[in-house]
Amino acid sequence: MKRTLSSTAAIVTVALAAAAVCAAAGEAKPSSPQPATAGGRSMNELQQEFLKLKFGMFIHFNMETFKGVQWVAGYHRPADFNPGGRIDTDAWAEAAVSAGMKYAVLTAKHVSGFCLWDSKYTTYDVMNPQCPYQQDLVAQFIKSFKSRGLKVGLYYCWRHPGFGDPNKYKVLPPECDPATHSMAEQIDFQKRQIGELIAQYPEVFYLWNDALDPQIMPADEALAFTRGLRRDLLASSNWWDWGKKGAPYADIAVKEMRHFPENNTAPGETCWCLEQGWFWQEGAQPKSAKQVADLLTMVNARNSNFLLNVGPNKQGRFEAASVKVLAEAGKLLAATKTADAPQ
């Protein structure tokens, strides 16, 4: 049985880690040795392993896709999430492989509040009786990408005070409607859902937090929350404040359609759109393969991975033009590596 917020007060208590990992919001991470994770590797080692991945796929696909917007306002019918049949997540993974990508991140819950997995904390998800899809899309995504040797991460959008009118941008499911629930209740609900995701999908190596910053919780508390979920779980955080994007806050610093400075030393990730928007838009055209390759080169040179977004259409398919560009970019990158290899 699915639970409402009021019936879950005793579920999923997250243990806090003993040490603060970050000094203060916006400041660089301490250079002192970090404790080993459960697997025996330090967080620094996990960060360096992350940077070796270099290139990943961001997939924005959720209720916004079907409403034709980048940010959904208000709650929409679960019936609106209707791709007309099973989504071929294998095709997503094949496109990522063709581009030479090593990992992928899916929008498990975006601004609409709609969840792509069967969450016990809400009925506002793909398994709602009114939703025609009736399949766990997060599980599909993970299976398709893991079977092809790619690592998998999940995106979760936090309900930030900057969203303003709680009656407009809901961000959370109806069981925790921001119009009727306090910020403390919202944070508790979000922690429970994220804890559920990480427990239900142990293959996830990376949690992409959107709009998580000091207005939600201090950096040490945010990182302690992540460590309490799983000590080898990497977390990033995309600041609400555009001027602070890229400042270290979690394990991985995030820049959104901007480059890190040339002297960047914080383990970073730069996300960009292949097409003109994060979510699919009718008639949007992709960048060229050379543009993708050039961006990747620049991003990697600045101690950052390149997370390139591709937006599936209303049928859950990448547009043919985007698939072509990804394959061409993969060939360009392979040719560059061959040319640079020692003779």
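Here is a short chat about the strands, helices and salt bridges of a predicted model.

Biologist: What are the ground rules here?
Modeller: This is a predicted model: local features need pLDDT of at least 70, side-chain atom pairs count only at pLDDT 80 or more, and totals for chains, interfaces and linings use all residues. Residues are numbered from 1 along each chain as its sequence is written, and side-chain values use heavy atoms, without hydrogens and water.

Biologist: In what order do the eight strands close into a barrel?
Modeller: The order is S1-S2-S3-S4-S5-S6-S7-S8, with parallel pairing. Strands (E, at least two residues) and helices (H or I, at least four) are DSSP runs, numbered from the N terminus. Two strands pair if DSSP finds at least two bridges between them.

Biologist: How many bridges join S2 and S3?
Modeller: Six, between residues 103-109 and 151-157. Lysine 109 stands opposite tyrosine 156 in S3.

Biologist: New topic. How many salt bridges?
Modeller: The count is 13. Each needs a side-chain nitrogen of Lys or Arg within 4 Å of a carboxyl oxygen of Asp or Glu.

Biologist: Which residue does arginine 227 meet in a salt bridge?
Modeller: Aspartate 251, at 2.4 Å, N to O. Arginine 227 lies in helix H6 and aspartate 251 in the loop between S5 and S6, so the pair ties together parts 24 residues apart in sequence.

Biologist: Is arginine 227 buried or exposed?
Modeller: Buried, at 7% relative accessibility. Aspartate 251 is buried too, at 0%. Buried means under 20% relative accessible area, exposed over 50%, partly exposed in between (1.4 Å probe, protein chains only).

Biologist: And where do aspartate 294 and lysine 290 lie?
Modeller: Both are in helix H7, four residues apart. Lysine 290 counts as exposed, at 53%.
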